Amino acid sequence: MASPFRSDILKGKVTLITGGGSGIGFEIATQFGLHGASIAIMGRRKQVLDSAVAALRSLGIWAFGFEGDVRKQEDASSVVESTFNNLGSLDILVNAAAGNFLVSAEDLSPNGFRTVMDIDSVGTFTMCHQALKYLKKGGPGRNSLTGGTIINISATLHYTAAWYQIHVSAAKAAVDAITRNLALEWGADHDIRVNGIAPGPIQGTPGLSKLAPEEINSKIREDMPLYRIGEKWDIAMAALYLSSDAGKYVNGTTIIADGGMWLSSPRRLPKDAVKQLSRVVEKRSRNSPVGAPKSKL
Ligand code: COA
């Protein structure tokens with residue numbers, strides 16, 4: 001589908017995207033690049049980063065991949081520094097890295113809960129914190145009036161409640177709180193806009209294959225107010241709006257891009273099937289062939 005935006009709306013903007021090697025993060029990297037941005041992607045798997053960077057460069061996008069885990073402060077720091085050193089500034093930070101799996105609260109260990117909080121919530125805060133020096137007005141590579149912008153990817157699970165995703169719901173609720181609090185503080189102090197996007201189920205993502213494996217979720221389309229699962233492109237377009245001048249007065253909001261699905265009641269999942277399948281799905285996710293994710297251009 002052709003973009004409704006001009007191809008130069010992010011011209012000259014350096015964008016760092018965590019989790020940018022696959023799924024929604026990779027689509028944002030692609031679309032931002034096609035709209036003029038230079039791209040740095042951060043992820044844990046070198047092979048995934050390498051093939052994603054090759055795919056971006058084959059489209060004529062100036063792109064780099066930096067290995068790192070958002071749970072480690074030293075990685076966050078070195079990736080932010082590498083972005084500035086290689087690309088000359090840092091204008092947009094997109095926090096798309098996330099971790100999840102289906103499990104009932106009863107079967108979830110505190111460490112499992114903590115792991116997802118660490119990736120999604122603490123990881124998002126850590127990346128924002130490390131990037132502040134470059135994003136704030138007057139920071140290295142920018143003028144004294146204009147700050148950069150941050151986009152945090154969250155979810156809609158915590159608007160109501162979600163079966164067998166207590167850890168993800170809690171983590172994404174914290175991400176939304178981070179978005180609003182930083183928008184307040186850093187908007188006032190540093191001219192940084194901070195917004196979020198809450199995607200619904202998006203086809204072709206690791207998230208959908210883990211949280212709605214086909215074995216237990218073949219009926220998902222029937223529950224959708226728009227009767228379709230979203231596309232990565234839908235989220236990338238929302239991100240373009242928020243990070244370009246089109247969204248220059250938007251601060252502290254989270255755009256829900258889910259076709260209206262969160263308005264329907266949480267759909268109960270069969271607990272026994274979740275119990276049987278969650279580890280199988282986790283293993284499948286880790287063993288899946290590594291390669292450049294297919295992007296809808
Ligand atoms: N069911 C229940 N508990 C699970 C689980 C499952 N399917 N998968 C992992 N856990 C638990 C582990 O048992 C462990 O807890 P314990 O020490 O009490 O046993 C804890 O979670 C951490 O697991 P570990 O394998 O050490 O974590 P990791 O850091 O290697 O992986 C994950 C983190 C589990 C979040 C992994 O799925 C991941 O890396 N995800 C990133 C990709 C992703 O999920 N993308 C989708 C984004 S929407």
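Trainee: What makes the lining of the second largest pocket divide into nonpolar, polar and charged residues?
Mentor: The residue type decides. Ala, Val, Leu, Ile, Met, Phe, Trp, Tyr, Cys and Pro count as nonpolar; Asp, Glu, Lys and Arg count as charged; the others, Gly among them, count as polar. On that rule the lining holds 4 nonpolar, 8 polar and 7 charged residues. This is a predicted model, where local features need pLDDT of at least 70, side-chain atom pairs count only at pLDDT 80 or more, and totals for chains, interfaces and linings use all residues. Residues are numbered from 1 along each chain as its sequence is written, and side-chain values use heavy atoms, with hydrogens and water left out.

Trainee: What is the volume of the second largest pocket, and which residues are closest to its centre?
Mentor: The volume is about 420 Å³. The pocket has 19 lining residues, and the closest to its centre are Thr146, Gly147, Gly148, Arg193 and Asp245. The search uses a 1 Å grid over the protein atoms alone, and a pocket is an open set of points with protein on both sides within 12 Å along at least five of seven lines. A lining residue has an atom within 4 Å of a point. Points are joined across faces, edges and corners, and the volume is the space filled by probe spheres set on them.

Trainee: What makes a cavity a separate term, and how many are there of 30 Å³ or more?
Mentor: In a cavity a 1.4 Å probe fits but cannot get out. The count is 1 cavity of 30 Å³ or more. The largest cavity has a volume of about 60 Å³. Its lining has 10 residues, and Leu102, Lys210, Leu277, Ser278 and Val281 lie nearest its centre. By class, that lining has 7 nonpolar, 1 polar and 2 charged residues.

Trainee: Which element gives the most to that cavity lining?
Mentor: Helix α9, with 5 residues. Helices are DSSP runs of H or I with at least four residues, strands are runs of E with at least two, and both are numbered from the N terminus.

Trainee: Where is the kink in α9 centred?
Mentor: On leucine 277, with a kink of about 40 degrees. The bend at a residue is the angle between axes fitted to the seven residues ending there and the seven starting there. Leu277 is also among the buried residues of α9, along with Ala273, Val274, Ser278, Val281 and Glu282.

Trainee: Why is α1 called largely enclosed?
Mentor: Buried means under 20% relative accessible area, exposed means over 50%, and partly exposed is in between, with a 1.4 Å probe and protein chains only. In α1, 11 of the 12 residues are buried, so the rest of the structure largely encloses this helix. Phe26, Ile28 and Phe32 are among them. Just after α1, glycine 36 takes a positive phi of about 105 degrees.

Trainee: Is leucine 240 buried or exposed?
Mentor: Buried, because its relative accessibility is 0%. Leucine 240 is found in helix α8, residues 232–243. Contact means heavy atoms within 4.5 Å. Leaving aside neighbours within four places in sequence, leucine 240 contacts Phe5, Ile9, Leu10, Gln31, Phe32 and His35.

Trainee: Why is isoleucine 202 called buried?
Mentor: Its relative accessible area is 4%, so it counts as buried. Isoleucine 202 lies in the loop between β6 (193–199) and α6 (206–211). Not counting residues up to four places away, its contacts include Ile24, Leu208 and Ile235.

Trainee: Why is aspartate 191 called partly exposed?
Mentor: Its relative accessibility is 34%, so it falls in the partly exposed class. Aspartate 191 is found in the loop between α5 and β6. Its phi is positive, about 55 degrees, although it is not a glycine.

Trainee: What about tyrosine 164?
Mentor: Tyrosine 164 has a positive phi of about 65 degrees, and it is not a glycine either. At 9% relative accessible area, tyrosine 164 is buried.
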